[in-house]
Amino acid sequence: MHLFSAHKPLWALIALLTLLRLAVIGRFGLGVDEAHYVLYGLYPALSYFDHPPLVGWTEWLFTALMGVNEFVARVPAVLIGAAATALVYFWLLRIFASERLALWGAAALNASFLFNALFMMLMPDTLLFLFLIPIMATVMRIETENRTGDWLLLGVLLGLAGLSKYTAVLFAPALILYLAVRRRWDLFLTPKFLAAVLIAAAVVSPVLLWNMQNGWISFAYQSAHVAGSGGISFTAFAQSLGAQFGAYSPLLFPLAFYGLYRALKTPQNAPLFLSGIVGLTVMAFFTYNSFFARALPHWTALFYMLFVPIGTVMLLQQNVGWRRYAKGAVALSGLLVLVLYAELRSPFIPLPDYKSLHRDLYGWDTIMRHAAGQITDPARQAAAVTNWSLASRALYYGRPYGIDTYLVDNRYDQFDLWQPNAPEGKDLLFITTHDFKKGITPAMQCASTEQAETFNLDLNGRKVNTVTLTWCRNFKGTQ
C-alpha cells in the first residue's frame, strides 16, 4: 500500500495515459501486424512461422475471456504500457535516487512516438518490455547476493522473453559481458547457473519443439529477415537510422545516444552501467545488420526504452540551457502524441489522397463486406489477396462472413500453415488496393478474368484507398 501512496505523481500519470489509450483503442481498425497476431490467438499453436508464441497466447487469453474485436485485442498492450512505465520509473529511481527525475524519464518514454503505438497495439516487442528491467534487476541481485531463488527467477524471465521474441537471445551476451567486465566469472562456475539455463530452455521448449516439427523454418526465416542476404548497403543503414529518428521523436532521439555514452562512462553506477551494456548490445547488433538489410524501427525498442528516459534524466542534470531542451523535447513530443491520439479517435488532419495516416488501419471491414457480397457459393468461391501484408486483415475481417480467404503468392510463410488446402479449382475473387495492385491476368492462371467491382474508401472527403475486386475463374495457380 505504501508503494502507491508514496509515488502519487507516477500513478496519476499512468492512470491518465491508460484512460486516454482505452478511449482510443476501439476507434480504428487493426494494422498489418496487429491483425496477424490476433490471428495467432484465433489459431493457437506451440509457436509460429514469424515469431515465438507468447503474443498469440496472450491474444488467445484476452479474446477467449472478452470477445474478438479491436478493443479487446489492444487491452494487453495498454496494460503492458502501464507496467512498463512503472518499471522504467523505479529503475530510474534506483539509478538516480530522485523521484522528480524518474517521473520526467517516465514521461519521456510516453512522449516517444513509437512507444505509444506499442502501448496500444500488441506486438512481440511489447511483451519484451515486461521482462527487460526485471531481468536486469535480477542480475543485480545475483551479483550482490547470489541466491538460488534469483537464479531460478532469471531462468524463468529469460525463458518468457524467449517466448516473446527471438531478439531476447541478445540478453545472454549482454549479461555475460556485464558480469565479465565486473570480473564475476565465479558466478558462472556454479550449479545455479546451469539450473537457470535449464529452466530457460524448458520455458522456451514450445518454440524448439515446433521448429523441430517444422524443419526449423522459423529460425531460418528470422536469420534471413534480420541479416539479409545481399552485400553491404549504406542506403539500408541510412534508412534504418532515419526511421528510428522519426519513430522515437526527432527531439528525443539524440538524448538516447547521449544517455548511452554517459552510461558506459559510469561503471561505478552498476544499474546504469548494466543498462549501457544491454543497450549497446541491442543497438550494435541491429546497427551491424542494418548494413545488409533495412532494420525496422521497433526492432531497437529495448534500447530506446532504456535510453530515451536515461538520456532525458541526464540532460536534466546539466546546465539551465540543456534542462530547458530536455523539458521542451518531452513537452513538444508529448503534445504531438496527443494530436495523434485525437486523430486516431476522430480523424481531422487533411492529407492528400492515398496519404492518410489511416491507410493501413481503415476500411478492411468494408472491403470484406463488399467481397462477401460478391461470393454466392462459398463451396466453390473464395476471396484472395496477392501480398502477405494484406492477408492478415483480409482473413480477420472476412471471418464474420464465413468465406475462405487465400494468400496467393510464391513465398512460404505462416499463411501456408494456416491454409493447407490449395485454392486450385476455385473461383477466386482477388482483392487489390491502391498500393498493392498486382495485375491478376499476367500473374495468375485463370480460365477467365472479369472485374467485379471498384470502389473508393473515403475519409473526410479524401481517398484513403481504392479497391478493385477481380474474378479469376477456375484458378490453376500462379504463372
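The model looked at here is a predicted one.

Leu19, Leu22, Trp60, Leu61, Leu65, Met66 and Phe71 make up a nonpolar patch of about 700 Å². Two or more residues of this patch come from each of helix 2 (8–24) and helix 4. Helix 4 gives the largest share, with 4 residues. On the helix 2 side, Leu22 is one of the residues to look at. Leu22 has a relative accessibility of 32%, so it counts as partly exposed.

Helix 4, which covers residues 54–66, also holds Val55. Is Val55 buried or exposed? Its relative accessible area is 0%, so Val55 is buried; the cut-off for that label is under 20%. Val55 can also be placed relative to a residue elsewhere in the chain: Leu128 is 73 residues away along the sequence, and the two C-alpha atoms are separated by 10 Å.

Next comes strand 3, made of residues 427–432. Here 6 of the 6 residues are buried, so the strand is largely enclosed by the rest of the structure. The cover is there on both faces. On one side sit Asp427, Leu429 and Ile431, on the other Leu428, Phe430 and Thr432, and all of them are buried.

Strand 3 has pairing partners too. With strand 1 (residues 381–385), strand 3 pairs in the parallel sense, over 4 bridges. Along this pairing, Gln381 stands opposite Asp427 of strand 3. What about strand 6, residues 462–473: in which sense does that strand pair with strand 3, parallel or antiparallel? The pairing is antiparallel and runs over 5 bridges. In this case Thr432 has Thr468 of strand 6 as its bridge partner.

Trp216 lies in the loop between helix 12 (205–213) and helix 13 (217–227). Trp216 is not a glycine, yet its phi is positive, at about 60 degrees. With 41% relative accessibility, Trp216 counts as partly exposed. Where does Tyr354 lie? Tyr354 is found in the loop between helix 18 and helix 19 (364–374). For Tyr354, phi is near 70 degrees, again a positive value in a residue other than glycine.

The loop between helix 18 and helix 19 also contains Gly363. A relative accessible area of 6% means that Gly363 is buried. How far apart are Gly363 and Gly29 in sequence and in space? In sequence the two glycines are 334 residues apart, while in space they are 7.5 Å apart, C-alpha to C-alpha.

Notes:
Residues numbered from 1 in each chain as written. Predicted model: local features only at pLDDT ≥ 70, side-chain atom pairs only at ≥ 80, totals over all residues. Heavy atoms only, no water. Buried < 20%, exposed > 50% of the residue type's maximum accessible area, 1.4 Å probe, protein only. Pairing = 2+ DSSP bridges. Patch = residues over 30% accessible without salt bridge, like charges linked within 9 Å, V, L, I, M, F, W, Y side chains within 5 Å. Areas by Shrake-Rupley, 256 points an atom, 1.4 Å probe, with all protein chains shown as cover. Salt bridge = Lys/Arg side-chain N within 4 Å of Asp/Glu carboxyl O.
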